[in-house]
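This report describes one protein chain in plain terms. Please look over the sequence and the structure before reading on.

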Amino acid sequence: MDQTDKIHLNPPFNEDEWLKLVFLLSDTQNWLNDLVGTAMLQVPMKDRRKLFRRSYYINVNALAHIMERHHYKIPRHPSVSKFTIPVIDILSLLRDAFTAPISPVSGSLNFQRVINTGNIIGFDYNQLPTSFLTVLTDSGGRIITAFPGFLKSQSPLFNPHNLQTYDI
């Protein structure tokens, strides 16, 4: 006969309170999801729903990350690549990047899309003007981040001109 040890929690586990907390968190998450959806629908951009496909999409956390780290109006990370275009243009480029070919990111389970926008969209990590956009996604298509220029590689053999890029 198996013997099980009781787990002693301090304070003791209160199932009723825990269930209330789970339902409160669920309701709060649903409310926040509705707020996010409403906020994203306010963006004056054609085909904005294409940013929310099942196979390629952005969530509010990734969008906040991109803006905080890579938008020129936010000075928190001065040594990284920065977009110098309006937010709506960034979202339009993210939407259009869906059609670009994907390639695996070396040393990770993520994928990248690199597009040449044809216009300067910001500056890369070397502080040089660039028309290239890199979008990183996970294996499910969730956008993790996006930035002007190319992915910085640890390899000395890295040559961005060897990447498969897509012109939009």
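In this predicted model, the largest nonpolar core has 23 residues. Those with the most contacts inside this core are I58, I66, F83, L94, L133 and V135. At least two residues of the core come from each of helix 2 (60-70), helix 3 (87-96), strand 6 (132-137) and strand 7 (143-148). Beyond its neighbours within four places in sequence, V135 is in contact with several residues, among them Y56, L94, F111 and I143.

Three strands form an open sheet in the order 1-4-5, with antiparallel pairing. Strand 1 (82-83) and strand 5 (129-130) are at the edges with a single partner strand each, so one side of each has no neighbour in the sheet. Two bridges join strand 1 to strand 4 (residues 122-123) in the antiparallel sense, and K82 stands opposite F123.

Helix 1 (residues 15-41) has 27 residues; at 1.5 Å a residue it should span 39 Å, and its end C-alpha atoms are 39 Å apart, which agrees.

The model has four salt bridges. The table lists some of them.

| Salt bridge | N to O distance |
|---|---|
| E17 and K20 | 3.5 Å |
| E68 and R76 | 3.1 Å |
| R95 and D96 | 2.9 Å |

E17 and K20 are three residues apart in helix 1, and therefore separated by about one helical turn. R95 counts as buried because its relative accessibility is 13%, under the 20% limit. R76, at 58%, counts as exposed.

Conventions: Residues are numbered from 1 along each chain as its sequence is written. This is a predicted model: local features need pLDDT of at least 70, side-chain atom pairs count only at pLDDT 80 or more; totals for chains, interfaces and linings use all residues. Side-chain values use heavy atoms; hydrogens and water are left out. Helices (H or I, at least four residues) and strands (E, at least two) are DSSP runs, numbered from the N terminus. The expected span of a helix is 1.5 Å times one less than its number of residues. Two strands pair if DSSP finds at least two bridges between them. A nonpolar core is a set of buried Ala, Val, Leu, Ile, Met, Phe, Trp, Tyr and Cys residues joined through side-chain atoms within 4.5 Å. Buried means under 20% relative accessible area, exposed over 50%, partly exposed in between (1.4 Å probe, protein chains only). Contact means heavy atoms within 4.5 Å. A salt bridge is a side-chain nitrogen of Lys or Arg within 4 Å of a carboxyl oxygen of Asp or Glu.
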